[in-house]
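Visitor: I would like a close look at one residue in this protein, and then at the chain around it. Please take me through it step by step.

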Amino acid sequence: MPEPSVLSPPSATDGVVAVIGHRSDDIDDGRVVAFDHESGERLWSHDFGRATGLLADGGSVYAGERLGSGRGRIYAFDAADGNQRWTQTVGNIGSSMAIAGDTLYTANGTLAALSTDDGAVRWEQSEVDGVGFTVAVAPQDQLFADERAVYYGDDEGVFAMSPGDGSLRWAWRPDRWDWADVGPVPAGDSVYAGSAGDIAMLDADDGSLRWRTSFGDDAQVVGVHERGSTVLVAEGTDESPSDTFGTLYELAVRDGSERYEVRFDSPVERTASTDEAFVVGTRAGRIRWSRGASFFEPFETTLSADGYLLGAAGTQAFAQTGEGTLWALSPDR
């Protein structure tokens with residue numbers, strides 16, 4: 001297993017889970033490895049330079065490699081056998097990726113749109129309305145896409161670009177905003193974004209604010225998951241040594257009001273979201289599956305390793321640890 005050198009967690013598609021990182025304690029010695037998600041059988045691997053981003057989707061695995069002068073190379077591999085489908089050079093380092101339809105979006109320096117079929121560059125924007133597309137917090141959380149728009153968040157707010165040419169559709173720039181630590185995550189006709197201790201729900205069509213809920217100045221939102229009439233929000237509070245804890249909140253979709261909460265002994269630092277479950281992980285390695293804090297008996301387990309990245313597929317979770325181990329975790333059936 002490569003050691004994780006970037007914040008790109010394990011990613012899964014079509015029964016394959018892929019991880020990215022570096023070998024031999026050298027961040028310029030990158031590797032992407034794919035495993036069967038049920039048996040853990042190693043299927044294939046590829047070595048390249050400095051690894052950046054990772055995304056598995058639609059039977060393909062996409063990996064980013066950093067080149068000189070702020071440029072990057074995107075690789076597309078067949079998830080099943082690792083055959084290279086195409087490679088493309090872009091004007092960003094490719095540490096953040098998102099897919100909608102037949103388009104792969106990559107960011108960190110510019111925002112580029114590539115064809116998933118052959119890697120052809122459809123368009124690339126270095127700046128839109130003053131937005132420079134710098135990914136600084138969490139590569140898996142600042143860039144999202146759906147058929148409506150490409151969504152990006154930074155220290156100014158949340159922005160939606162047209163999938164056709166990258167032009168700005170709308171921008172939400174609040175007066176008080178630290179950084180888009182979580183999202184913007186599209187869900188139906190809404191978009192969620194978290195900054196410091198706040199979670200905001202925006203209208204996906206025009207970016208207007210529907211509601212904004214704060215969990216306190218010392219909180220840090222790290223994940224959000226909408227399910228029906230419920231929004232689950234995971235956060236960590238770190239005021240060592242007396243007030244270090246994590247919380248999973250259940251909010252009402254209609255107005256962001258709190259319905260329920262679950263408290264953890266250490267801050268929530270990782271989350272992974274699928275259509276079937278919301279998986280949260282604390283600093284102490286406590287992993288919890290939840291579909292709604294107040295009405296679902298949760299499944300839990302604990303990792304013994306320090307430091308990990310968390311991905312998920314279906315109800316299964318994957319934890320890539322700092323010492324180079326991949327754990328496959330499943331709730332009790």
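Guide: Buried residues account for 56% of the 333 residues in the protein chain. This is a predicted model. The residue picked out here is Thr213, which sits in strand E20, spanning residues 209-214. Thr213 has a relative accessible area of 15%, and buried means under 20%, so Thr213 counts as buried.

Next, its neighbours. Leaving aside residues up to four places away in sequence, Thr213 touches Gly197, Asp198, Ile199, Leu251 and Gly256. With Gly256 there is also a polar pair: a polar atom of the Thr213 side chain lies 2.9 Å from the backbone oxygen of Gly256.

Now the chain as a whole. Strand E20, which holds Thr213, belongs to a protein chain whose secondary structure comes to 31 strands and zero helices. Of the contacts between residues at least 6 apart in sequence, 39% join residues at least 24 apart.

For overall dimensions, the C-alpha atoms fill a box of roughly 50 × 45 × 35 Å along the principal axes. The radius of gyration is 19 Å, which agrees with a compact globule, because a globule of 333 residues would have a value near 20 Å.

The protein chain exposes about 13,300 Å², and 40% of that is supplied by carbon and sulfur atoms.

Technical notes
Residues numbered from 1 in each chain as written. Predicted model: local features only at pLDDT ≥ 70, side-chain atom pairs only at ≥ 80, totals over all residues. Heavy atoms only, no water. Helix = DSSP H or I, 4+ residues; strand = E, 2+ residues; numbered from the N terminus. Rg over C-alpha atoms; globule rule 2.2 N^0.38 Å. Buried < 20%, exposed > 50% of the residue type's maximum accessible area, 1.4 Å probe, protein only. Contact = heavy atoms within 4.5 Å. Areas by Shrake-Rupley, 256 points an atom, 1.4 Å probe, with all protein chains shown as cover. Polar contact = N/O pair within 3.5 Å; in protein donor to acceptor, adjacent residues only side chain to side chain.
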